[in-house]
Each structure stands twice: as structure tokens, then as C-alpha cells.
Amino acid sequence: MKRTSFSLIQASILLLGLHLAGCNQSGGDGADGQDKIVVGVSMLSMQNEFIVNVADEIEKKADEMGVELITVDAERSPLKQIEQVESFIAQDVDVIIMNPCEVEASSPAVTKALAAKVPIINVNSATSSSPTAFVGSDDVESGRIAMEYIAKRLGGKGNVIMIHGYMGQAAQLQREQGAREVLKKYPGLKLIAHQSGEWDRAKAMSLTENWIQSYGSNIQAVFAHNDEMGMGAVKALSDAGMKDKVVVVSVDAIPDALQAVQKGTLDATVFQNAEQQGSKAIETAIKIVKGQPYDAQTLVPFQLVTKENVAQYMK
Amino acid sequence: MKETLIAYFNRSAESPALPTRRIGKYGIFLAFILLCVLLSLMTPRFLTVANLTIIVTQVSINALLAFGVTFVILTGGIDLSLGSMVAVTGVVAATFAHPDDYPLVVPIGVGLLAGVLFGALNGFVITRSKVAPFIVTLGTMTIGRGLALIISKGRPVSNLSDSFNFIGGGHLFGIPFPIIILLVAFAVCSLILKKTVLGRYIYAIGGNEQAARASGIQVSRVKMWVYTISGLLAAVAGIVLTSRITTGQPNAGVGFELSAIAAAIIGGTSTSGGSGTMAGTLIGALLIGVISNGLDLLNVTSYYQQVVMGAIIIGAVVLDGLNRKSR
């Protein structure tokens with residue numbers, strides 16, 4: 001716990017430094033890394049609980065393996081992320097792990113690293129140019145699992161509402177794609193409204209409140225692209241006394257959501273394994289540096305969490 | 001209705017002095033009523049007690065912030081740290097709001113205190129350093145966000161007590177509690193502005209700081225008050241938000257300062273200070289809330305909402321300019 005906040009401070013100081021300098025100077029003493037492997041890690045956002053979990057796991061594994069980490073926070077800005085990767089290249093790190101901010105906009109970071117002959121691993125989400133290796137989960141699958149669950153609960157018939165993440169991000173695009181694939185399979189399921197809740201609980205709550213006004217009891221199910229928004233929808237539905245008539249499913253399995261599933265307020269969440277994504281990413285990175293055989297694509301499977309099996313996911 | 005409006009605007013073109021001033025003053029009220037009428041014609045779901053209650057509840061957080069920043073803008077300043085203060089105070093309050101930990105006064109008290117201290121820090125640096133409020137609060141905005149992340153270790157603070165969750169989610173006499181908080185805050189802020197010495201000094205400083213100083217007003221002290229009040233109201237907003245979503249989020253409130261400033265400006269608060277009212281700011285906040293609710297009801301994507309909002313802000317500032325030219 002202590003270490004998390006410390007690395008957050010470190011990351012912010014580093015970022016502030018980059019900011020103030022206005023350019024990407026290589027950080028002073030650089031890497032003398034003959035003996036110790038140095039890994040540069042750029043994360044999408046250290047303000048997101050799931051991402052923090054992935055970063056924590058990378059750090060834990062790196063400690064175990066005696067690897068030096070430089071972890072920075074891109075604060076959701078693809079531009080900042082590219083600058084960070086450039087700075088890693090300048091610092092001559094051995095390998096880069098990137099948790100991309102955006103499909104297209106973070107792509108140049110991959111291209112630049114590969115051009116500089118620094119292997120780069122994408123963790124958690126994808127970019128359009130392909131990296132040395134990818135570790136993550138197929139987000140299309142999570143959308144599919146969630147919507148299949150809704151279809152099952154509603155017997156293939158009913159009105160569904162979808163709350164998107166930030167439009168254009170890989171997770172949003174793929175979760176929507178998966179959900180729509182299932183919707184096509186069940187002509188009885190109708191998507192009556194969908195909009196972006198920007199991954200935010202308060203926004204999703206307001207959105208759902210407004211939808212309750214316009215659709216009322218015509219809403220039978222809600223699919224939110226992440227748990228934060230799912231919890232917002234649950235809160236709005238409970239306040240309106242409608243929760244027991246509406247099925248709500250979201251993705252990520254954050255502690256809050258697991259508790260809600262156990263209590264029965266949230267019907268289901270889809271577990272994305274942060275620990276495995278983090279550990280597989282750093283393992284793959286080390287294998288690449290050491291010249292050992294590695295998997296170019298490691299897919300960590302999603303799992304549906306309902307009241308029946310929630311206990312095994314709670315710590 | 002339409003004819004009289006056209007006549008009104010035509011008249012203003014002929015004799016600009018008096019009528020434009022009136023449009024500047026009442027234009028926002030007029031626009032607000034017009035928008036409500038329009039929306040009730042477009043969807044039967046708009047003009048219902050339930051929907052209006054939801055709008056005011058949703059607006060309450062932005063309105064609280066907007067009241068605070070109205071004081072600040074009236075003195076010719078600005079406060080960009082509002083959103084970060086919401087996050088800090090929310091996370092701080094949540095930390096003390098776990099069930100069976102402390103009585104309810106503790107999370108509320110500590111949260112409010114955090115806001116007061118943060119606001120006072122803004123005021124202190126601004127009055128002592130003579131650095132522009134824009135720069136100082138831009139700095140404290142970043143500091144605040146960092147503090148919220150440090151306190152919460154980057155994770156949402158959840159599992160809050162039922163009594164704490166009442167603040168944002170409960171009802172009193174059938175009225176959502178945030179609305180009651182909003183009304184009390186509105187009454188108190190209006191009183192401060194209209195009936196107290198502090199209020200008169202605030203207008204005086206915004207009107208002409210040199211003259212205010214020459215006439216013996218302690219400008220620094222008034223500014224300290226103004227930023228501290230802004231911090232206090234941001235803390236109230238932070239606590240209401242945290243309670244409403246039943247979790248303290250370190251990344252809550254990003255961009256809230258802009259909506260609050262927009263509400264104040266749409267409501268007729270002059271960007272150069274010296275003129276504006278709390279009633280105007282309240283209408284400004286309601287207008288933003290009604291637009292967002294109405295467009296949701298009509299199932300218009302949020303992208304268009306942003307375009308509309310931007311146009312309205314510019315319109316309001318243009319009106320403000322016309323208004324001042326005519327004086």
C-alpha cells in the first residue's frame with residue numbers, strides 16, 4: 001500500500017519534471033544496466049483502480065525477479081504517453097511495457113520503440129500497430145459475456161440500455177462490439193438507448209436517472225462498460241425503486257462491484273484478471289530481453305461473476 | 001409571444017440604451033423559461049414533478065460550486081481548483097465515514113475543514129504573492145488532485161455509513177436532501193452578497209480595486225474570505241457528491257470548475273468582476289442542468305450537448321458585453 005502511493009508520487013514528480021522541462025530530456029544518470037534489466041512502464045491512468053492493480057502486480061513481480069522499473073502515468077493523454085516512450089528510448093531501457101491510452105493515437109509510441117530496436121509490450125489494451133508482444137484480455141469477449149447473461153436472464157426478450165466508456169477507446173469499442181454481436185443473435189432484445197458515461201459513476205447515475213424519466217418501466221436491463229458506471233446505474237435504479245425489475249451487468253469486478261453482487265444489487269460483473277495481466281506482462285518482457293521463447297499474444301480469459309460464484313473472487 | 005419578442009428586440013435596436021440593459025439583466029431568465037417551454041412541447045417526460053426534482057438534485061453540486069466561484073469572480077478573480085477541492089474533501093470525508101467508525105459530524109466536519117483550509121491557502125498565496133489567481137489556482141488544482149490520490153492511495157474509498165449516504169441520497173419532507181442544502185446555501189450566499197458589509201466590499205473591489213483600497217477597504221482580507229468561502233462550498237459539494245455516489249473518488253470532479261464558472265457567467269456575472277447575482281448564477285446552473293437533462297430525454301448524444309453548451313456560454317458573455325457598453 002505504502003509503496004503504491006510512493007510510486008505515484010515518484011511518477012507525478014517525474015511527470016511534472018517532464019512537463020516543466022517541456023521536452024523529453026534523458027533522465028540524468030540514465031541506465032547503467034549491464035547487469036540489471038531496466039523496464040520502462042507507461043500506464044494509462046494511475047487514477048483508475050483496475051490499472052493501479054495491474055501496475056502493482058508488475059511492480060511486485062519485478063521486485064521478485066530483481067528487475068528495475070521506471071513507472072510513469074500517462075494520465076489518459078496519448079501525447080504524453082508517446083513522450084514518455086521517447087524518453088524511455090533515450091534512457092536506453094531494455095524493454096518497455098505500455099498500457100495504451102488509445103488505439104490509434106498511442107500507436108506511434110509502438111512504432112518509435114520498434115524503430116529504436118527496443119522491444120515493447122502492450123498490456124491490457126491494444127494499439128493499431130502491432131507491438132513485440134501483447135498481454136491482455138479480448139475485450140470483445142467481455143461485452144459478449146455480459147450481454148449473453150442479460151439475454152439469458154431476460155429469456156432473449158426485452159429492452160436494454162447500454163452505458164459506454166469514453167468513446168473511441170479500445171475497451172469501449174470492443175465491449176460495444178461484443179454486446180452488439182449478441183444483440184444480433186437475439187432479435188427479441190432491443191437496444192433502446194445508449195450513451196457515454198465516460199467511465200464515471202456520477203455521470204452514469206445522472207444518465208440513468210434521466211433515462212428512467214424517459215423510458216420508466218420499459219427498461220429491463222442495463223449493460224455498463226465498467227463497474228463504476230454499473231454502480232451508478234444501480235444507485236439510480238434503487239433510488240427510483242426499480243432495481244428488482246432491472247438486470248444490471250458491468251465489467252471489471254472491482255471490490256465495490258463484488259460486494260454489490262454479493263448483496264444482490266448488481267446482478268453480475270465480468271472479472272478481468274488484473275493480477276495475471278500484470279504478471280504475464282513483466283514475465284514476457286523479461287523473456288524477450290533474455291532471448292528466451294515467448295508468446296506474442298497472451299490472452300487472459302474473462303469470467304462471469306454472479307451471486308453463485310462471487311465468494312471466490314473476494315479477498 | 002413571438003410577435004412581442006420580435007417587437008422587443010426591434011425596439012432594442014432603435015433605442016439601445018435602456019432595453020439592451022434589460023435584456024442583459026433578464027435575458028437569461030427569459031432564455032431559461034423559453035427553453036423549458038420548448039422542452040415540454042418536445043417531450044411529455046420533461047415537465048413532471050419527478051423529472052424536475054431530478055434536475056434540481058443533479059444541478060445541486062454544480063450550483064454549490066458556482067455560488068462559491070461567483071464570489072470569487074465578483075472580486076475579479078477565478079478559482080480553477082474547485083474540481084480538485086471536490087475530490088480532496090470527498091475523499092477526506094469518506095475516509096472518516098465508514099460505518100461505526102465515527103459519529104456523522106466527524107466526516108462532515110473534517111471534510112468541511114479540509115475545504116476551508118484549501119480555500120484559505122488559495123487566498124493566502126493570491127494575496128501575498130500578487131500572482132494572478134488564474135495561475136495560483138491552476139497550481140493548487142494540480143496539488144489538490146495529487147493530494148486526493150495520495151490520501152486514497154489511488155483507489156475509491158467505499159463502504160460508507162448509511163447516515164453519511166443520507167446527505168446525498170436521503171429525503172426530508174419528501175424533498176431530496178441535496179435540494180435542501182442547495183436552497184440553504186443559496187439563501188445564505190444571497191444574504192452575504194446583498195445584506196452584509198462583506199458583500200458590499202466584494203462588489204466594490206470587483207468594480208474598482210484601486211478605488212476600493214483608497215477608500216479604506218482591506219482588499220486582501222476580503223479576498224481571503226472570498227477564496228475561503230469558495231473552498232467551504234466546494235467541500236459541501238464534495239461531501240454531497242461522495243454521499244450521492246456512496247464512494248469517495250480521487251478522480252471525481254475533473255472539469256467541474258469549468259461548469260461552475262460557466263454557470264456563473266451564463267447567469268450574468270461579469271468576467272471582469274463587480275456585477276452579478278446569486279439568483280443569476282442559480283439560473284445559470286439550472287439552465288445547464290435542463291439542457292443536459294432535456295437532451296438526454298430526447299436521446300441526443302452528449303457530443304451535441306457540448307456544442308450547445310459552448311454556444312450558450314459565448315452568447316452569455318456577448319450579452320454581458322452589450323450590457324456593459326450600454327452603461
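1. Helix H5 of chain A passes helix H6 of chain A in a right-handed crossing, meaning that the near helix is turned clockwise from the far one by less than a right angle. Helices here are DSSP runs of H or I with at least four residues, strands are E runs of at least two, and both are numbered from the N terminus.

2. Bear in mind that this is a predicted model: local features need pLDDT of at least 70, side-chain atom pairs count only at pLDDT 80 or more, and totals for chains, interfaces and linings use all residues. Residues are numbered from 1 along each chain as its sequence is written, while chains are lettered from A and ligands numbered from 1 in the order in which they are written.

3. H5(A), residues 139-154, packs against H6(A), residues 170-185, at about 40°, with the axes 7 Å apart. Axes are lines fitted to C-alpha atoms, for helices over the stretch in contact, and angles run from 0 to 180 degrees between N-to-C directions. So H5(A) counts as oblique to H6(A): under 35 degrees would be roughly parallel, over 145 roughly antiparallel, 65 to 115 roughly perpendicular, and the rest is oblique.

4. On to the sheet. Six strands of chain A make an open, mixed sheet in the order E7-E6-E8-E9-E10-E12. Its edges are E7 (189-196) and E12 (303-305), each pairing on one side only; a pair needs at least two DSSP bridges.

5. What joins E6(A) to E7(A)? Seven bridges do, and the two strands run parallel. A:Ile163 sits opposite A:Gln195 in E7(A).
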